[in-house]
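The following report examines how parts of a protein model are arranged and where they meet. Please keep the sequence and the structure in view while reading.

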Amino acid sequence: MIDAYIGLLVLWPVAAGLASLGLRGQAARSALVLGTAAVLAAAAVGLATQAPFTASPAFLASATALHVAQGASFLFPAYFLFVGLKEKHALVIGFALLQLGLAAFGEFGLPAPAVVKTAVVCDGLSLALVLVVSLVGTLISVFALPYMRHHEEHQGFKTSRQPQFFMILLAFLGFMNGLALTNDLHVFSAFYEATTLCSFLLIGHDRTDEAKKSGLRALWMNSMGGVFLHAGILLIQKQHGLADIQALVDPALWAGLSLLPLALLGLAACVKAAQLPFQAWLLGAMVAPTPVSALLHSSTMVKVGVFLCLRLAPVLEGTTTGRLLTLAGAFTFLGASALALGQSNAKKILAYSTAANLGLIIACAGIGTPVAIAAGVVLMVVHAATKGLLFLCVGDMEQAIGSRDLEDLRGMIAKTPVTALAAAAGSMAMILPPLGMLAGKWATLEAANASPMSMVMMAVGSALAVVCWVRFTGTLMSGVAVAATPAPTSSLSTGPILTLLAGTVGLGMAAPWLNAMLLPAWQAFMLPDGWALLPPLFLTAMLAWILGMKVLGRQSAAKLATPYLGGLPSAAPGSFVGALGRNWTLSEGNEYATELFGEAKLTRIAGVLASVLLLALVGGALL
Amino acid sequence: MNLNTLYLAVAGLVLGPLLGGLAAGVDRVVTARLQSRLGPPLLQPFYDVGKLWSKVIAPASHWQGMFVRWALVASLASDVILAAGGDILMCFFVQAASASFVALGAFCGNSPYGKLGAQRELFQLLAYEPVFMVAILCLAKAAGGFDAFSIMAAQGQPLLFKLPLIVPGLLFAVLVKLRKSPFDIAASHHMHQEVVRGVYTDYAGRDFALLEVAHWADVTVVLWICSFLWATGPLQMLITGLAFLFAALLIDNISARLTWRTMLKTVAPLTLILATANLVWLYLE
C-alpha cells in the first residue's frame, strides 16, 4: 500500500504532465488537473496515516533507478550547458561545466558509496513537505486553469502553450514529492536539478525578453547551488563513503570532523531558498504568470532549501557552522523584511517576505535543537498555505485591475471583496497571535537563546514585518469616497483561494497539533508551558471574532459619517473647501520611507553583509 | 491551569484597565500642577469614558467597531497573560496586535487625518517594538526565563543593576505607548495640531470609549514590564512603575514633538544599540 501511495505521489503527476501535452481542449485539461489534484491529495493523506515508515519501492530502489539518477547528474548539466551556449550566457555555461566536471569526478574518481538500505524514509519532515506540495501545490495548479486562459488571451499567443505549461507544472509536483521522500543523496540531487530545470522553464514561459532574462538568472544561480550541492555530496562520499541521508544526519558520525560538506549543502539550500545575497532569482520569478510565482514561493522550489537545512539540523546543533547558519538566516529575515517595507510593488513585497520567512526557518535549522526544528517545520507548513493564498489573491486582483502596485490596490475591498478580504486575512495571518506564523516566530526567538545577535535581528525583522503587513491590509481595506463596481470572478479561481484561506487559518490555529502530529518526539515542551499558552489564546481570539462580527453586523447597516477633512466637504466626492475658501482635492498614498528602505542601496549593503556571513559559513567549516 | 492562575487572570482583567485609568488620572493632575493649574479630579478619565459611552455617533467605516473590539480584547489579553504569570514575549506580541488593530481601523476610515495617523502609528511601532523586544529578551536572559513569575521571583539583586542600558529603551517605549511628547507623533494627544487627532480622528462615541479602555490596559502592561527592573517586592514594583510614569510626564512637559523621521533614524537606533550592548554583555558575563 505504501509503495502505491509513493508511486502515485511521485509518478502520477509526471505521467499526468506528459498526458497534458496531448490535450488541447480546455475541458479535458481541467479534468486532468482536477483529477491529479484529487489523486495527490488522497495519496498524501494516505501516506500521512502510515507515517513514519521506511520503504523501498522498485522505481526508486532498483539498480535501474540508481542508473537513471546517475545519468541525470550528467543530463541536467548537459542541458543547462546547451541552454547556456544557445543564449551565450557565460555564467550558465560556467556552472554547467563545473557541474559536469564534478559529476564525472564522482563517477570515475571516487569509489562508489555504500548501498543505501532503504530508498524511502518518511518522517515528520518529509511528510510535512509532501503535504505542502500535494495540497497547496495542487490547489495552485487548479487556480492556474482559469488564470492561464485569461493570461493567454491577454498575451495574445497564436497557438496555446498551455499544454507545455501544465506539463511542467504537474511534473514539478512529482519531482518535489520524490525529493521529499528519497533517502539517497544521489537521487535527491537528481530531483534537486529537476526542480531547477522546471523553475527555469516556468519562469521563462512567456518568452518575453524580461521572462527570458529572469529565467536565465534563475538557471545560473540555481546551477551554482547545484555545484555547491554536488561538491558537498562528493565530499561526504569521500569522507564517509555514504549516500544514505538518515545515516548522515547522525551527530555521532561528525564528531570531531570538519563540517565543510554540510556547510556546502547549507549554501546550496540558501541559494534555493533565495536567501540574501541570492534573492535576485526569486524576485525575477515574479515576471512569470501568477501560478508560477505562487508555486515557486509557497510550496515548491524555495521549500527545497529549507527542507534540506531542516534535514541537516540535528547535526548542526551547537556547532560553529550551525551558529553561522542561524546568523545568516536571521540576517536574511532582517534584510528582506526591510526591503519588503520599502516596496510598493505588491508582488515584490510578497517575494521579499518569502525570503525573510525562509530565513527564519533556516535560522531554526541552524539552531538545531528539537524546539527550533519543531518551530521550523510548523513555519514551513503554515508559510506555504499563507504565501500561496497571498500570491493567488494578488494575481487575481492584478487580473481584475491590471496593476500590481499597492497604491492601485488601494480600496480593493470595494472592487473584488472576496479576494481582497482573503488577502487581508492572509496578511494578518502572517503576523497575528496566536496563528502559526507568529507562534513559530515566538518559538524561534525563545529557542535562539544561544545566539543574542540573531535574536536582535529577529526582533527588528519582526517589527518590520508587522508594519509591512498591517500597511498592506490597511491599503486593501482603505475606505474610499468613490464607489466601485465589483469585477467578475471564476469559481475555479475563488475556490482555491477560499480553500487556501481556510487552510491558512486552520493550520495557523493548529500549530501545536501540527507539531504533535508531525514530530511527536520533538515537541516544543522546552518553552515555558510548551504550546500550552496557545489554546487559551485561541479561545480569546474566537471570542474577539464573535464580538467583532456582532458589531460588524450592526455597523454595516449604519449610515457612515462624512469624512473629517478639516474643512467643508464640497459637492464633488473626495474634495473639500479649506482655508480661505480654496477648493482642495484629496489624494492618498503610503509612506514607503525609501530613504531608509530604498531597494538599490539596501540591496547592496545587505548583499555584502550576507556574503560575508556565508563566506564565514564555509570558511569556518574549512578551518 | 490551577484555580490560583484563574484568580490572577481575572484580577489582571479587572485591575489592568483600572490601574491604567488611574495612571491617566495621575497624568492629568501632575501635568496640571507642572503647568501651575489645579487640574481635574483624579477620576476624570473614567468620567470622560462614561460620557463617551453615552454617545451614539455614526461610524466612519463599517469595519471600525470590529477592529476596536479586537484591539480591546488583545489589550486585555496582554494584561491577563502578565497577571497569570504567562510568557512576556507572547504578551508583547498580543499587545502589538492590539496596536495593529487600532491602525487598521484608522486605515478603514475615510478621513485623511486618520490615515496619516495610521501611517505614523506604524512607524512608531517600527521604532519602539525592536528595542522593547530586546529589552524583554534582556529581562528574560537576566532572570533565566520568559514567564512573568520567574522574572518577578528573581531574588536578591534587582535586575536594574544588570540591565542599566535598557532603561533608555524602556523609557522610549513608555513615551510612545503613553502618547507623550516628544513621541506623540501618531495621535496628537494635545489637540489642534497638524494631524488633528491622528490615528484616533475617525473613532467616536462608544468605539472611542472602548479604545480608551484598551489604551489603559496597554499602559498597565508597559509600566508593569518596566517595573520588572526592581521586582524585589510589590511595593518596589509599584514605585518603579510610577518612577517611569513620572519621568514620562516630566519629559512630556519639557519637550516639543519630534518628527517620525528623527524618531526612526536617531532615537530608535540609539536605544536599540544600547539595549543590544546590554544583551551581549549578559552573554559575556
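## A helix crossing in chain B

In this predicted model, the crossing of H1(B) and H9(B) is right-handed. Helix H1 covers residues 3-34 of chain B and helix H9 covers residues 234-254 of chain B; their axes come within 10 Å and cross at roughly 45°. An angle counts as roughly parallel under 35 degrees and as roughly perpendicular from 65 to 115 degrees, and H1(B) and H9(B) are therefore described as oblique to each other.

Which residues make the contact between H1(B) and H9(B)? On the side of H1(B) they are Ala23(B), Val26(B), Asp27(B), Val30(B), Thr31(B) and Leu34(B), while H9(B) contributes Leu245(B), Leu249(B) and Asn253(B). Sorted by class, the residues of this contact are six nonpolar, two polar and one charged.

## The interface between the chains

Where chain A meets chain B, 47 residues of chain A are in contact with 52 residues of chain B. Three helices of chain A each give two or more residues to the side that touches chain B: H19 (436-447), H20 (452-476) and H23 (534-555). Of these elements, H20(A) gives the most, with 13 residues.

How do the residues on this side of chain A divide by class? There are 32 nonpolar, ten polar and five charged residues on the side of chain A that touches chain B.

## Domains of chain A

Chain A is divided into three domains. Domain 1 consists of 1-56 + 118-183, domain 2 of 69-116 + 185-243, and domain 3 of 269-525.

The C-alpha centres of domain 2 and domain 3 of chain A lie 28 Å apart. Between these two domains, 17 residues of domain 2 are in contact with 15 residues of domain 3. On the side of domain 2 that touches domain 3, the elements giving two or more residues are helix H8 (185-203) and helix H9 (209-240) of chain A. The largest share, ten residues, comes from H9(A). The residues on this side of domain 2 of chain A comprise eight nonpolar, six polar and three charged.

## A sheet in chain A

Chain A also contains an open sheet of three strands, in the order E3-E4-E5, with antiparallel pairing. Strand E3 (568-569) and strand E5 (583-585) of chain A stand at the edges. Each of these edge strands has a single partner strand, so one side of each is left without a neighbour in the sheet.

E3(A) and strand E4 (residues 575-577) of chain A run antiparallel and are joined by two bridges. Within this pairing, Pro569(A) has Phe576(A) in E4(A) as its bridge partner.

## Backbone exceptions

Most residues other than glycine have a negative phi, and most peptide bonds are trans.

The peptide bond from Leu276(A) to Pro277(A) is cis, with omega near 0°. Pro277(A) is placed in the loop between helix H11 (260-272) and helix H12 (280-284) of chain A. In chain B, the peptide bond from Ser181(B) to Pro182(B) is also cis, with omega near 0°, and Pro182(B) is found in the loop between helix H7 (167-177) and helix H8 (205-227) of chain B.

Lys88(A) is not a glycine, yet this residue has a positive phi of about 55°. Lys88(A) lies in the loop between helix H4 (63-87) and helix H5 (90-109) of chain A.

How values were computed. Residues are numbered from 1 along each chain as its sequence is written. Chains are lettered from A and ligands numbered from 1 in the order in which they are written. This is a predicted model: local features need pLDDT of at least 70, side-chain atom pairs count only at pLDDT 80 or more; totals for chains, interfaces and linings use all residues. Domain bounds come from an automatic or database domain assignment. Two residues are in contact if their C-beta atoms, placed from the backbone, lie within 7 Å. Helices (H or I, at least four residues) and strands (E, at least two) are DSSP runs, numbered from the N terminus. Ala, Val, Leu, Ile, Met, Phe, Trp, Tyr, Cys and Pro count as nonpolar, Asp, Glu, Lys and Arg as charged, and the others, Gly among them, as polar. Axes are lines fitted to C-alpha atoms, for helices over the stretch in contact, and angles run from 0 to 180 degrees between N-to-C directions. Angles under 35 degrees count as roughly parallel, over 145 as roughly antiparallel, 65 to 115 as roughly perpendicular and the rest as oblique. A crossing is left-handed if the near helix is turned anticlockwise from the far one by less than a right angle, and right-handed if clockwise. Two strands pair if DSSP finds at least two bridges between them.
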